[in-house]
Every structure is written in structure tokens, then in C-alpha cells.
Amino acid sequence: LLISHGAHDARVDFSQFIAFRDALACENSTLPVVALAFPNDGHRHATSSSVLAHYDAIDAFLREFFPL
């Protein structure tokens, strides 16, 4: 499971992201949980570099857990 969150999200507090990530990791020990935090972003990506970093992380996640 890949989840991501911007630290300055006005809609969902960052503490909820952390709690969700920790709960997933504890409850699903066999399910890989990768959590991406974007410290300069809000509900949407603030910069194109954040967008590219997000897509790079998605690509790496898919290659690791769903190899062709």
C-alpha cells in the first residue's frame, strides 16, 4: 500500500496521516506500507519537483512489489 500526504494539508491534518500509517503497519504486518510525506505541500503538490518525486516513488513501488 502506498500512501502520501502533504504536511500543510488544510483538509486532513498531518497527524491523521501519521496515525493511519502507523495503524496500517501494525495491523497488516504482511502488507507492505510505504508512506510518502511531502513537507512543503498541502492538499495538492506545490511544485513540479514534488509531482515528479511522487511519480518516481509510485514507479519504484510498482517495480518492487509488482515486477513484470
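Biologist: How many salt bridges are there in this predicted model?

Modeller: The count comes to two salt bridges.

Biologist: What makes R21 and D22 a salt bridge?

Modeller: Their closest N and O atoms are 2.8 Å apart. The cut-off is 4 Å, between a side-chain nitrogen of Lys or Arg and a carboxyl oxygen of Asp or Glu. R21 and D22 therefore form a salt bridge.

Biologist: Why is R21 called partly exposed?

Modeller: R21 has a relative accessible area of 29%. Buried means under 20% and exposed over 50%, with partly exposed in between. So R21 is partly exposed. D22, at 35%, also counts as partly exposed.

Biologist: What makes D59 and R63 a salt bridge?

Modeller: Their side chains meet at 3.0 Å, N to O. That is within 4 Å, so the pair counts as a salt bridge.

Biologist: Why are D59 and R63 separated by about one helical turn?

Modeller: They are four residues apart in helix 2. An α-helix has 3.6 residues a turn, so residues three or four places apart point the same way.

Biologist: How do you know that the buried residues of helix 2 line one face?

Modeller: The buried residues are S50, H54, A57 and F61. Seen down the helix axis, they fall within an arc of 65°, so they line one face of helix 2. On the other side, S48, L52, Y55, D56 and R63 are exposed. The cover over the buried residues includes strand 1 and strand 2 (34–38).

Biologist: What span does helix 2 reach, and what is expected?

Modeller: Helix 2 has 18 residues and reaches 26 Å from its first C-alpha to its last. This is close to the 26 Å expected at 1.5 Å a residue.

Biologist: Why is H5 called buried?

Modeller: H5 has a relative accessible area of 8%, which is under 20%, so H5 is buried. H5 lies in strand 1 (residues 2–6). H5 touches V12, D13, F14, F17, L36, A37 and F38, leaving aside residues up to four places away in sequence.

Biologist: And F66: buried or exposed?

Modeller: F66 has 54% relative accessibility, which is over 50%, so F66 counts as exposed. F66 sits in the segment after helix 2 (48–65).

Biologist: Which residues form a nonpolar patch on the surface with F66?

Modeller: L62 and F65 do. Together with F66 they have about 290 Å² of accessible area.

Conventions. Residues are numbered from 1 along each chain as its sequence is written. This is a predicted model: local features need pLDDT of at least 70, side-chain atom pairs count only at pLDDT 80 or more; totals for chains, interfaces and linings use all residues. Side-chain values use heavy atoms; hydrogens and water are left out. Helices (H or I, at least four residues) and strands (E, at least two) are DSSP runs, numbered from the N terminus. Buried means under 20% relative accessible area, exposed over 50%, partly exposed in between (1.4 Å probe, protein chains only). Contact means heavy atoms within 4.5 Å. Patches are made of residues with over 30% relative accessible area and no salt bridge: like charges are joined within 9 Å, nonpolar side chains (Val, Leu, Ile, Met, Phe, Trp, Tyr) within 5 Å. Accessible areas come from the Shrake-Rupley method with a 1.4 Å probe; for residues, only the protein chains shown count as cover. The expected span of a helix is 1.5 Å times one less than its number of residues. The arc is that of the directions from the helix axis to the C-beta atoms.
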